[in-house]
Amino acid sequence: MPRSAARLNGLGTTIFTEMTALAVRTGAINLGQGFPDTDGPPPVIEAAVAALRAGENQYAPLPGVPALREAIFEHQRQWYGLEPEEVLITFGATEAIASAVMGLCDPGDEVVVFEPSYDSYTACVAFAGATPRFVTLRPPGFELDPEALRAAVEAGAGRVRAVLVNTPHNPTGRVLRRSELQAIADVCIEHDLVCITDEVYEHLVFEGEHVPPATLPGMAERTLTISSVGKSFSVTGWKIGWCSGPADLVAAARTVKQFLTFAGGTPLQHAAAAALRLPRAELHSLRDDLRAKRDQLCEGLAAAGLSPIVPAGTYFINADVRTDAAQWCATLPERCGIVAIPTSVFYDDKDAAPTLVRFAFCKRPEVIAEAARRLAALG
Ligand code: PMP
Ligand code: GLN
């Protein structure tokens with residue numbers, strides 16, 4: 001492998017790519033990578049077709065097509081009372097995260113990452129030449145320990161530049177409480193840190209309330225808020241995301257983004273605007289549908305003798321398999337025709353959750369029912 005690629009922590013192929021390839025190879029039910037097996041809402045699909053036919057097929061403006069930018073300003077205002085100064089459309093939340101971290105962090109900087117974490121965070125920190133400083137969320141509750149956060153920032157001795165937050169949280173399914181977010185805000189304000197917050201599951205909250213960190217006092221001016229349409233609208237292959245916040249933070253991300261991919265996905269940007277403008281009842285029904293799937297898989301896991309940790313949001317349930325989860329998952333396709341992911345892959349500290357497995361429940365009821373039957377037959 002070329003040296004520059006090898007330097008990236010020996011990252012190799014992502015677990016999602018590996019697990020989906022395993023599912024395809026073995027014909028197993030794929031409860032690994034988080035993507036739905038049904039299409040997004042028909043009006044959203046139709047908006048994409050209409051934009052393609054209307055000749056919206058050339059480069060978008062770098063900041064994004066005006067219709068989508070306006071829809072995001074409106075969305076932030078109507079859902080959360082936020083008035084961001086700027087918005088930038090990106091190739092999914094993934095590009096927003098990469099652009100933000102590379103645009104805001106220099107080599108030698110440190111970034112607080114709550115582990116377990118979505119895999120691209122530490123990769124992007126490495127791209128920037130920065131170093132992650134992990135704060136560990138431990139099962140079964142995965143609560144944030146404010147003292148551990150404070151200690152991590154203080155141990156950084158002035159090198160910590162940013163805190164990367166994710167709520168609702170992948171892979172734990174937790175929706176961070178206001179008090180936990182306030183603890184993050186207190187540390188950010190006290191140490192003059194930037195908050196980069198990934199809220200791609202913002203509309204997939206089954207219990208409790210999604211609180212964007214930017215809504216906390218003193219945080220709007222230091223927070224870059226990231227989201228995308230993929231998860232909320234069941235169109236993960238569209239890769240239309242965005243970041244919003246203070247003009248200087250968005251400009252930092254834009255500077256990087258313009259050289260990563262410039263600007264594209266024009267027809268899908270128009271369709272994303274239509275998605276964000278769907279009536280609230282439509283979003284609630286997508287969420288309620290997903291909650292029923294969560295409950296169905298939780299029941300199936302419990303009936304199979306695995307102990308699910310019921311998630312308040314996202315696509316994911318963690319369950320305790322009471323043995324080495326990595327080995328359990330490695331043989332699962334041949335034992336029962338299911339692919340799932342050991343939660344330890346999302347941790348730097350591999351001993352923090354050695355017996356947990358992450359299952360995606362964003363699948364049709366008949367697929368979940370069949371998965372439950374197969375798990376029960378494991379004995
Ligand atoms: N953040 C989290 C926490 C995720 O789970 C994912 C996967 N959808 C992403 C970011 C990437 O989002 P996108 O597909 O919009 O790039
Ligand atoms: N967010 C998805 C998950 O956690 C995967 C996205 C990806 O494949 N990078 O399963």
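1. Which residue in S8 stands opposite Val87? That residue is Ser244. This is a predicted model, in which local features need pLDDT of at least 70, side-chain atom pairs count only at pLDDT 80 or more, and totals for chains, interfaces and linings use all residues. Residues are numbered from 1 along each chain as its sequence is written, chains are lettered from A and ligands numbered from 1 in the order in which they are written, and side-chain values use heavy atoms, leaving out hydrogens and water.

2. Strand S2 (residues 86-91) pairs with strand S8 (residues 240-245) in the antiparallel sense over 6 bridges. Strands are DSSP runs of E, at least two residues, and helices are runs of H or I, at least four, numbered from the N terminus; two strands pair if DSSP finds at least two bridges between them. Because 5 of the 6 residues of S2 are buried, S2 is largely enclosed by the rest of the structure (buried: under 20% relative accessible area, 1.4 Å probe, protein chains only).

3. An open sheet of 4 strands has the order S9-S10-S13-S12, with antiparallel pairing. S9 (307-309) and S12 (341-342) are the edge strands, each with a single partner strand, so one side of each has no neighbour in the sheet.

4. S12 and S13 (residues 356-360) pair over 2 bridges in the antiparallel sense. Here Ile341 stands opposite Arg358 in S13.

5. Helix H12 (residues 325-336) lies across S12 and S13, running at about 45° to S13. Such angles run from 0 to 180 degrees between N-to-C directions, with axes fitted to C-alpha atoms, for helices over the stretch in contact (contact: heavy atoms within 4.5 Å).

Conventions: Buried means under 20% relative accessible area, exposed over 50%, partly exposed in between (1.4 Å probe, protein chains only).
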